[in-house]
Amino acid sequence: MKVVVYSSKLYDKQALCRTLDPEWDVVYFEAALDLNTVPSAHGAEVVSVFVNDRLDKPVLQQLAEGGTKLLALRCAGFNHVDLQTAQDLGIRVVRVPAYSPYAVAEHTVGLMLALNRKLYRAYNRVREGNFSLNGMLGFDMHGKTVGIIGAGKIGRLVGKMLKAFGCRVLVYDPYECTACGQLGIEQVELETIWASSDIISLHCPLTPQTDHIVNAETIAKMKRGVMLINTGRGALMDTEALIDGLKSRKIGYLGMDVYEKEGALFFEDHSCEIIQDDLFERLLTFHNVLITGHQAYFTQEALSHIAETTVDNIRAYLAEEVLLNEVKV
């Protein structure tokens with residue numbers, strides 16, 4: 001059986017090689033899957049992809065024509081997949097629903113601390129022999145109100161960590177979260193999150209309902225100087241609204257591990273190029289913005305779990321077993 005793996009960096013290949021069945025014919029491509037690269041998947045029954053691969057109708061049609069029957073996502077999110085088209089073409093879709101919620105939660109809190117205490121600025125100053133504390137003033141996390149949008153595993157872990165800091169933690173989720181009450185996290189309406197939070201952190205999936213959930217209208221409802229953190233999906237935030245909020249100082253701090261147009265940027269080295277995304281470049285001009293390149297998940301444990309779950313998904317498909325991690329319309 002032929003398996004084609006797209007967006008496979010060296011670290012992906014190393015993790016997968018330790019777990020893939022040696023009898024499978026596996027081909028790795030560092031390039032992302034799109035209309036230009038999809039011919040490489042011809043004859044592959046299984047195609048494995050990552051978060052920024054293109055899986056719209058034209059690409060899926062070519063995959064189906066080439067004999068692909070299973071899409072094995074190496075990520076939790078599936079908003080980049082045209083599920084209806086996949087279903088119509090007879091292509092089944094599986095994902096990795098949880099790889100390391102601790103990795104993402106810890107990175108989230110790390111962004112908060114780095115922004116608050118200006119750790120990135122302090123590092124550069126000290127290396128230059130500048131020990132001035134001007135412009136380095138932070139605030140106590142203790143006693144602050146943190147609003148979390150999304151009460152899944154990651155959101156709850158972030159809340160649990162921040163409770164240890166002495167924060168009041170609020171959470172919004174459209175479904176009742178019994179575990180939140182046990183952790184001392186208050187489940188509230190979304191309007192309360194906007195109005196009451198000193199820090200807001202996004203941990204919800206990207207759906208039509210959450211697309212640009214942070215926008216000009218919702219930013220206007222927030223406290224002046226609010227800290228916004230996004231380690232979920234880039235399109236949860238409207239970039240132009242963020243820039244306006246930063247310029248007006250309504251947003252006091254912004255931490256992002258994702259970006260709504262990251263597909264053309266992240267996971268590649270563009271240090272010798274002129275980046276053409278003007279909105280992204282504008283974000284980088286603000287001293288109170290910290291952006292990391294979709295690395296919140298990037299731990300040894302997470303990579304191992306992604307590889308193991310991906311292989312388990314493929315084996316279950318081949319054995320005609322129930323696909324526990326299947327995504328359907």
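Predicted model: local features only at pLDDT ≥ 70, side-chain atom pairs only at ≥ 80, totals over all residues.
I took a cavity as a set of points, on a 1 Å grid over the protein atoms alone, where a 1.4 Å probe fits but cannot get out, with lining residues having an atom within 4 Å of a point. A volume is the space filled by probe spheres set on the points, which are joined across faces, edges and corners. The structure holds two cavities of 30 Å³ or more.

I listed D12, A15, L16, F50, R74, L303, I306 and A307 as the lining of the largest cavity. Helix 1 and helix 12 are the elements that give two or more residues to this lining; helices (H or I, at least four residues) and strands (E, at least two) are DSSP runs numbered from the N terminus. By class I noted six nonpolar, no polar and two charged residues, where Ala, Val, Leu, Ile, Met, Phe, Trp, Tyr, Cys and Pro count as nonpolar, Asp, Glu, Lys and Arg as charged, and the others, Gly among them, as polar.

The second largest cavity has a volume of about 30 Å³. I found F50, V51, C75, Y99, R233, H294 and Y297 along its lining.

**Record conventions.** Residues are numbered from 1 along each chain as its sequence is written. Local features need pLDDT of at least 70 and side-chain atom pairs pLDDT 80 or more, totals for chains, interfaces and linings use all residues, and side-chain values use heavy atoms, without hydrogens and water.

**Cores.** I then turned to the largest nonpolar core, which has 46 residues; L33, V47, L55, L63, L71 and V93 have the most contacts inside it. Such a core is a set of buried Ala, Val, Leu, Ile, Met, Phe, Trp, Tyr and Cys residues joined through side-chain atoms within 4.5 Å. Buried means under 20% relative accessible area, exposed over 50%, and partly exposed in between (1.4 Å probe, protein chains only). Helix 12 supplies the largest share of this core, seven residues. I also recorded a second, separate core of 31 residues, including I213, L228, L246 and V289.

**Aromatic rings.** I counted nine aromatic pairs, meaning rings of Phe, Tyr and Trp (its six-membered ring) with centres within 6.5 Å; planes under 30 degrees apart are stacked, over 60 edge-to-face and the rest tilted. Y6 and F29 are stacked, at 5.6 Å centre to centre and 25° between the planes. Y6 is buried at 1%, whereas F29 is partly exposed at 26%.

Methods: 1 Å grid on protein atoms, 1.4 Å probe; cavity = no way out; pocket = protein on both sides within 12 Å on 5 of 7 lines; lining within 4 Å.
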